[in-house]
Amino acid sequence: MRPGELDTGEIDRWRELRALSGAPANPFMEPEFTLAVGRVRPGARVAVVGDGSGAPGGFFPYERGPLGQGRAIGYGVSDSQGAVLSPEHTLTAGELLRACSLTSWEFDNLEADQTLFVPEAAEEFDSPVIDVGQGYGAYEAVLRAGSPKFFRTTTAKERRLARQAGEVRFVFDERDPAALRTLMEWKSAQYRRTGRRDRFAKEWISALVRRLAADRTPGCSGVLSVLYAGDRPVAAHFGLRSRTVLSCWFPAYDTDFAKFSPGLILHLRMAEAAAGAGIALLDLGRGAAEYKDALKTGDLRVYEGASVRRGPRAALYRLSREPSRRAHSFVRNRPKLAGYAQRALNQVGRLRDR
């Protein structure tokens, strides 16, 4: 069915099964994220799995493409993916895809507990996390012990920013729509500057973010955090939170203040505020970045690949997708080659801006 066709009982059952899974309460796996995607993506669907008793035994959100090719819901921007199933389920991946009339189901951030699909993953990645479950003081002590120079330098830059640009203040949950527009403009400029595809140039992604920014549910709420110097925003982040997890999504900053590392200052303030709000884990998301290495306390595992049913269309899928995926993997796993690729992308970004 379409996500909007789920009734209240089914949505409550989704939340119940998700809580029973024991996995981190990532907001991307909650029904509200799928409902929001369903409002902006016409191919969004949810398979409701029976358990023989009349109550739903699981839910499988996906997007359907041509020739029965499927993708994870919100593929390309969702940071945690998979099915929400009863622990007693006996399904196989093939049975689930067949019931959905899918020849394949592609994922790029499959969570580690998805035993139905993990065996078919092509690659696995670290998703760095910040553990503030023991409070911000405990996290700060970890930073001071493990990265004392980084912590001293970042806090010194915050003081210097205040001296040169005005009082530094932080808003964890900013509700001003203008601040969200500013963040999206910064992020679009960053994508162009680094030669990457501008996600916010896609109307469905922009609409999805605006919609989630207005959502207020315990399992999946949009949170816009902003760092100000004086009255001017200098860094911002938009993510999704549940009661215990803040999934970091779109961070950006004003390049006029780059020398102060406002993004790092913002993330430290976010960690402090999140701990104060009862959040135990900040998921920084898959992808290598120096700032993630500096901030993280550990890693989760996520997976990329596809579950593919046997048949002629499966062969077509592999011919169309595998060469590109293998090429990306080849570059990613060779630091020197990845460096060349990044410099090439930066050059593309500079040419775009001329």
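This is a predicted model: local features need pLDDT of at least 70, side-chain atom pairs count only at pLDDT 80 or more; totals for chains, interfaces and linings use all residues.
Residues are numbered from 1 along each chain as its sequence is written, and side-chain values use heavy atoms, with hydrogens and water left out.

**View 1. The whole chain.** The secondary structure comes to 11 helices and 12 strands; helices (H or I, at least four residues) and strands (E, at least two) are DSSP runs, numbered from the N terminus. Of the 354 residues, 49% count as buried, where buried means under 20% relative accessible area, exposed over 50% and partly exposed in between (1.4 Å probe, protein chains only). Among contacts (heavy atoms within 4.5 Å) between residues at least 6 apart in sequence, 73% join residues at least 24 apart.

**View 2. Gln164 and its neighbours.** Setting aside residues up to four places away in sequence, Gln164 touches Lys259 and Phe260. Gly230 is 66 residues from Gln164 in sequence, with 9.7 Å from C-alpha to C-alpha.

**View 3. Helix H2 under its cover.** Eight of the 10 residues of H2 (residues 31-40) are buried: Pro31, Glu32, Phe33, Thr34, Leu35, Ala36, Val37 and Val40. Their cover includes helices H1 (8-20) and H7 (203-214), together with strands E1 (44-50), E2 (56-64), E9 (232-241) and E10 (245-253).

View 4. Val49 stands opposite Gly58 in E2. Five residues lie between the two strands of this hairpin, and Gly52 in the turn has a positive phi of about 90 degrees.

**View 5. Strand E5 between its partners.** Eight of the eight residues of E5 (residues 104-111) are buried, so the strand is largely enclosed by the rest of the structure. E5 pairs with E3 (residues 69-72) in the parallel sense over three bridges, and with E12 (residues 298-308) in the antiparallel sense over six bridges.

**View 6. The largest cavity.** The structure holds one cavity of 30 Å³ or more, and the largest cavity has a volume of about 60 Å³. On a 1 Å grid over the protein atoms alone, a cavity is a set of points where a 1.4 Å probe fits but cannot get out; a pocket is an open set with protein on both sides within 12 Å along at least five of seven lines; lining residues have an atom within 4 Å of a point. Grid points are joined across faces, edges and corners, and a volume is the space filled by probe spheres set on the points. The lining includes Trp14, Thr34, Ala72 and Trp105.

**View 7. The second largest pocket.** About 280 Å³ of space lies in this pocket. Of its 15 lining residues, Ser21, Ala83, Leu85, Asp113 and Gln114 are the closest to the centre. H1 and strand E4 (84-85) each supply at least two residues of the lining.

Note on methods
Two strands pair if DSSP finds at least two bridges between them.
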